[in-house]
Amino acid sequence: MRASLVRGKVSLVAGAVVALALLSMGFLSGAPLKAAGKTLTVVIDAEANRADEAEAIAADLRAIGVQADARIWEWSALKDSAVKGERQMYLTDWGSAYFDPFDLALPKLRTGDRGNYSHYSNPAFDRAVDKALTTIDPEVRRKAYYEAQSILYEDAPWIFGYYLSETEAARAEVQNWQPAMDSRINLHDVGLTRGDTIVVGMKTDKAVSLDPAMHRERDTETVLRNMFDGLVTRTWDGKVVPEIAESWTTPADNVYVFKIRKGIKFHSGEALDADDVVYSFERVLKEGAIGGRSSPRKGLLGPLEKVEKVDQYTVRFTLASPFPVFLQGLVHIQVVPKDYIQKVGDDEFARKPVGCGPFKFVGGRLDDQIVMERFDDYYGGSPDLPPMGPAKVKRAIFRMMPDPTVRIAALKAGEVQIVQQVPPDIAASLKRDKNVQVKSVEGTRVYCVELNCAKPPFNDARVRRAMNYAVNWDRILETIYGGTATHLATAFLPSGFGFNPDLKPYPYDPARAKELLKEAGYSVK
Amino acid sequence: MRRTHVQILERVLATIPIALGVAIAVFIFMRLMPGDPVDIMIGEAGGVTQEDIHALKTELGLDQSLPVQLGRYLAGLVRGDLGYSIPSSRPVAVVILEALPATMELALCSLLFALVIAVPIGVVSAVRQRSFIDRTSMAASFLGISMPAFWLGILGIIVFSLHLRWLPTSGRITYGFEPATITGLFTVDALLTGNMPALWDALKHLALPAATLGAGVAAVVARVVRSSMLEVLRADYVLFARAKGVVERAVTIRHALRNALIPTVTVVGLQVGTLLGGNMIVESIFGWPGLGRVVVDAIFSRDYPLVQAAVMVYALTFVVVNLATDVLYTYLNPKMTL
């Protein structure tokens, strides 16, 4: 009696284990069995700002007989669940700062990497991207990236999505203004036909810090790059050009030697030399170097190991291994004054920052407005970004205006002269305002639908490809983004190094999608 | 009277366990939420490696077990150390003290705006029940309750800032007008230092957000004043006052309104909570650098120390406002005790 009871319990437990195993394989939850092939059932997870898109994708999938529903999440909760492998398909996006797939396709798709929420793994892809990262020969790198793109296209770990163009606007009185792909707002180069104060309406609700080494946020950098310069900078379309550095050489694949421009002064009056450059980089590299805390910007420098002063105006950088995107990373490290920081301390420096950029800090608050005034002793900036010399406007103010409608209202009312991020639906009407100029620039963020490649149904490449054929991106993007979005063939951006322009995006082909689903054993409409 | 003082002191001391309880509850709830502050901060930034992420977690002590983290946090609290905000590395106390005056100024002005409008409307509506004024103002108050702040705010900006150009679209004060800091409330500081241009500029910036935030409160208060006035006006002592031959205006104000204010004070006390907590939308629209925006942002970035401290500030404000409400009761109705 007792034994049979125990056996009963054991069989109950065994049954539960089998049920759980089936459940985890997706048999019970995802795809109920049917005589003529199973119906594919998917849940499309998205954040609220992309709800319309998720609904549209679900409608396209339902049209071919997939049972699809959209569900809305808060981002961190969704990401947490996706990383654990609990989700099926999810709308995500990922930005790139290097104009190279190094910080886009690699972290997103290399086996086990930090951004690989789709749990995609293909050793051939890993080999290709690793090859592109360990050599500095551009031809070898390009070939490797081309190969990686072909592999991705076939594997289709995502429903490949799109990138957006970023639209900004300025008042007509602003001259020589051009939005930049890396979101820099270079107020040194702009002039005003009327007035001497330029106010920028920022899309963020706060800058994170006034210390250029203590944040990892693009908008904060946008503000700070008007007070701080780096060894190198970028043109608006992503080319690296010298700034504080006069020139550089690469005596070995892993060594860079920079000559520093003479006669550069910090806002405090100190002259800038090799000591300040070395100090600025050590501050970022060394753990706990900023008042006991470490800089979150270290990763930007890759395998940089050592920064040494060669003479008063020469600095040598030695890397542990070749890092082909090193110069792109350098753009994001700003030079700070060694003597000043050592005198006043890191906290005081973050309150009253001193740089060598075209504007000096006057006052303000991170979540309100940050006010700067022209630095008259400015060395002139990058010769590749004319005009040289001190800034044209006397005062620059960055105002935090997170609400897009209010930013545009302030622009129209003349309270601000430049605004970030104009929503597509407002851009069209704003273009008709003759007091305003509207310009767009290619964005550096990829938007996609990631598929959980580790579990059924999306561990089958045929099903993943079917999803790519089933979504009518042209219609979705036109409806939601009004022509400001461009459909992508893979996870590579045209603005990044090694993009293969011959690879065309998956076309909208529901018939092909249905064929592939049938092949994979699913019923279709 | 002495007894009242002792009771107030007791109530103030009682806030200590409340603050502690709130701190522990928020500490636990924040960590139950999925997502990780370091991941949100640098997890998707260019060039970051898994090692960088682990190193930063270790530096911030987030790799420790929860009891250890809680212990460290409470030990810090006892010393008056609220910790550092995770993404910005700035002291939490500084972040909060910087944002608090802006929120308080906005809340107080909204409240003032609401009371100045709502009490007379409520009184007149009750005295002239079912009149044209009554019907219009009650319809308007219904609209005020129903209208969402983001819509009302943007409407106000379009009308008063864009078309009429009377008021600025957003911000707290024009650069260059800031008064010397005494309390951190620009209007008060400007008055104290006799800085009239600053006062005028601050008031212009305050007008739209305060009206937007105050509209909902005004609507609620007007309805409460009206209904309690209606009740009181039918009470025997009002009839008696009238029978004594007291002038009607004095009856309304001294006898009726004072008693009708008791339920109103309760409602206003509750609304102060709404004004402090529910203003993140208004703060976002008007680029108002207050605590609401700080908290929302901190929640999304899982900035544990900042959320914990800010919620504690909210909780303490609630307690203090409740206490003030109770003290006010005893003043309005001496029969009541704390």
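How many helices and strands does the secondary structure of chain B comprise? In the predicted model examined here, local features require pLDDT of at least 70 and side-chain atom pairs pLDDT 80 or more, whereas totals for chains, interfaces and linings use all residues. Residues are numbered from 1 along each chain as its sequence is written, chains are lettered from A and ligands numbered from 1 in the order in which they are written, and side-chain values rest on heavy atoms, with hydrogens and water left out.

Chain B contains 14 helices and zero strands, where helices (H or I, at least four residues) and strands (E, at least two) are DSSP runs numbered from the N terminus. Its pattern along the sequence is accordingly written α-α-α-α-α-α-α-α-α-α-α-α-α-α. The C-alpha trace of chain B spans about 85 × 55 × 40 Å along its principal axes.

Within chain B, the axes of helix α7 (residues 149-163) and helix α9 (residues 196-233) come within 9 Å and cross at roughly 145 degrees; axes are lines fitted to C-alpha atoms, for helices over the stretch in contact, and angles run from 0 to 180 degrees between N-to-C directions. The crossing of α7(B) and α9(B) is right-handed, a crossing being right-handed if the near helix is turned clockwise from the far one by less than a right angle, and left-handed if anticlockwise. On the α7(B) side, B:Ala149, B:Leu152, B:Gly153, B:Gly156, B:Ile157, B:Phe160 and B:Ser161 are in contact (heavy atoms within 4.5 Å) with B:Leu208, B:Thr212 and B:Ala215 of α9(B). The residues of this contact divide into six nonpolar, four polar and no charged; Ala, Val, Leu, Ile, Met, Phe, Trp, Tyr, Cys and Pro count as nonpolar, Asp, Glu, Lys and Arg as charged, and the others, Gly among them, as polar.

Helix α7(B) also meets chain A. The axes of helix α12 (residues 404-412) of chain A and α7(B) come within 10 Å and cross at roughly 5 degrees. The two helices, α12(A) and α7(B), are therefore roughly parallel to each other, the classes being roughly parallel under 35 degrees, roughly antiparallel over 145, roughly perpendicular from 65 to 115 and oblique for the rest. A:Thr405, A:Val406, A:Ala409 and A:Lys412 of α12(A) make the contact with B:Ile154, B:Ile157 and B:Leu162 of α7(B). By class, the contact of α12(A) with α7(B) has five nonpolar residues, one polar and one charged.

Over the whole interface, 51 residues of chain A are in contact with 47 residues of chain B. The two chains bury about 3900 Å² between them, 49% of it on carbon and sulfur atoms; buried area is the accessible area (1.4 Å probe) that two parts lose on being put together, summed over both. In chain A, the residues that lose the most area to chain B are A:Arg114, A:Arg216 and A:Arg365, together 17% of what that side buries. Five salt bridges are found across the interface of chain A and chain B, a salt bridge being a side-chain nitrogen of Lys or Arg within 4 Å of a carboxyl oxygen of Asp or Glu. B:Arg293 pairs in this way with A:Asp205, their closest N and O atoms being 4.0 Å apart. Over all chains the count comes to 45 salt bridges.

Within chain A, A:Arg465 forms a salt bridge with A:Glu154, with the closest N and O atoms 4.0 Å apart. A:Arg465 lies in helix α14 and A:Glu154 in helix α6 (residues 138-155), so the pair ties together parts that are 311 residues apart in sequence. The axes of α14 (residues 461-470) and α16 (residues 510-519) of chain A come within 8 Å and cross at roughly 160 degrees; α14(A) and α16(A) are therefore roughly antiparallel to each other. Their crossing is left-handed. The contact of α14(A) with α16(A) has nine nonpolar, no polar and four charged residues.

Backbone features were located in loops of chain A. A:Phe99, although not a glycine, has a positive phi of about 55 degrees and is found in the loop between β3 (89-95) and α4 (105-109).
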